[in-house]
Amino acid sequence: ETKTISETKEIIQDNKDYTLFSWSKQKGTNPIAVKYGEGVYLYDYDGKRYIDFSSGLMNVNIGHGDQRITAAVMKQMQEVSYVTPSCVTKVRGELGKKLAEICPGDLNKAFFTLCGATSIENAIKLARLYTGRHKILTRYQSYHGASVGAISASGDPRRIPVDAQQAPNFVHFDLPYAYRYEHGEEALLKDCVAQLERIIAYEGPGNIAAILLEGQSGSSGCFMYPDGYLKSVRQICDKHGILLIMDEVMSGFGRTGKWFGFQHHDIVPDMIAMAKGLTCGYLPFGCLMVSDKIAVKYDDAVLPLGLTYSAHPVSCAAALETLKIYEDDNLIENAEAMGRYLDSRIEELKQKHPCIGDWRNEGLLGCLELVKNRKTKEPMAPFNAKPDEMVVMNKVAAKIKELGMYTFVRWGYVFIAPPLIVTKEQIDEGLAIISEALKIADEAAQP
Ligand code: PLP
């Protein structure tokens, strides 16, 4: 049954009075009170339906309310809900084996974590231990999590308010992207590789433990790596004994039309940080996948990593069932096909909306970059936009919500990353909402 308006208000009020909201002014929050989710839709307590065009935070890849996960979780809970990480369960071993099968190369050992940030923290720690070096190289315009190490690794405005708390020994480099680079693709690749080589020389290759990069850029703006870039990074790492860590927290598990984002670039990293799509948010979970080359060092040495909830049996059960669903329902193939459909539909939208500057997408991890002027490419909202620079984008976001869509709108970007189960009809339904909302941004753009 649906609640009355006053009950909905009460739900929201309790949340506002007694809980804190991430990344927001507490008074400015206007949350949707979600009663239940089904497939690509969320429903509030008043019965209003929202199409979820960002899969939650790009994590609910299999869609909402899949009762196969509920059943797997219940079954595990009926047997045992918790064992210490020094005990084992059937699901932990099965999941490790399945992940080793999915991952390329000699990435065969899983250290199970709780979320993206704990995967990243452990990757950084292990890279330093293994190499005996201290520096981690990462890019600006990236996000790796909110804990101290992970936010220090990130090159995102979310890092700026906590600048004084940043951990040492993270070095950032800039990776221009095609839309805002004037000299063509070939020059872009050369420029990016040369810059990385220079930075490694300046920092001292013998001091660098790892290069950490997203398998495919996500919440910073879905920037594409120039063709050949990750291959060059792999070669540079090998030349200097630097480890390559791919952060597949957002881009992993079919999101880009392959198991992992880096698989579009024909490379094998030394570690993979995972979370989100591993359990699709049904339970919190994460994993750091490690190569045999690294793992073997700890055959006879103590591995100084640990979490009370490492390899949590119920999360392992949820993950194992989630991986089965990707395969049983051909979701990765669908992500690839729907990504292509989305690309063709966005081409049409570009004709209609002068505010669309760029569309960047791989599979179902995409975003529109809105501009005030297509010629000058003046952004609709700049990097780390101040509140008065967000007026138009806030109106676009409000319209999207009013018309019954939940998605991720940040600075000048509108993200389009629906669950991998999405159909053509649902893509059309969502794009009709976005198209309506873009009329607001068109008014602020040069025709
Ligand atoms: N890495 C990437 C690429 C992410 O997109 C995120 C979250 O959005 C994280 C790490 C952090 O994950 P979590 O929020 O689960 O700690």
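In which sense do strand β2 and strand β3 pair? Select residues 41-44 for β2 and residues 49-52 for β3: the two strands pair in the antiparallel sense over three bridges. Strands here are DSSP runs of E with at least two residues, helices are runs of H or I with at least four, and both are numbered from the N terminus. Two strands count as paired if DSSP finds at least two bridges between them.

Before moving on, note that this is a predicted model, in which local features need pLDDT of at least 70 and side-chain atom pairs count only at pLDDT 80 or more, while totals for chains, interfaces and linings use all residues. Residues are numbered from 1 along each chain as its sequence is written.

Now click on Leu42; its bridge partner in β3 is Tyr50. Widen the view to the open sheet of four strands, ordered β1-β2-β3-β14 with mixed pairing. β1 (34-38) and β14 (405-406) are the edge strands, each pairing on one side only.

Next, colour by domain: domain 1 is 32-62 + 330-443 and domain 2 is 67-328, with bounds from an automatic or database domain assignment. Their contact takes 28 residues from domain 1 and 28 residues from domain 2, counting residues whose C-beta atoms, placed from the backbone, lie within 7 Å. On the domain 1 side, α2 (55-58), α11 (331-352), β11 (356-362) and β12 (365-373) each supply at least two residues.

Finally, select the ligand, surrounded by 15 residues (C-beta atom, placed from the backbone, within 6 Å). Cys115, Gly116, Ala117, Gly145 and Val249 are the closest. Helix α5 (residues 116-131) gives the most to this shell, with three residues.

Key. Contact = placed C-beta atoms within 7 Å.
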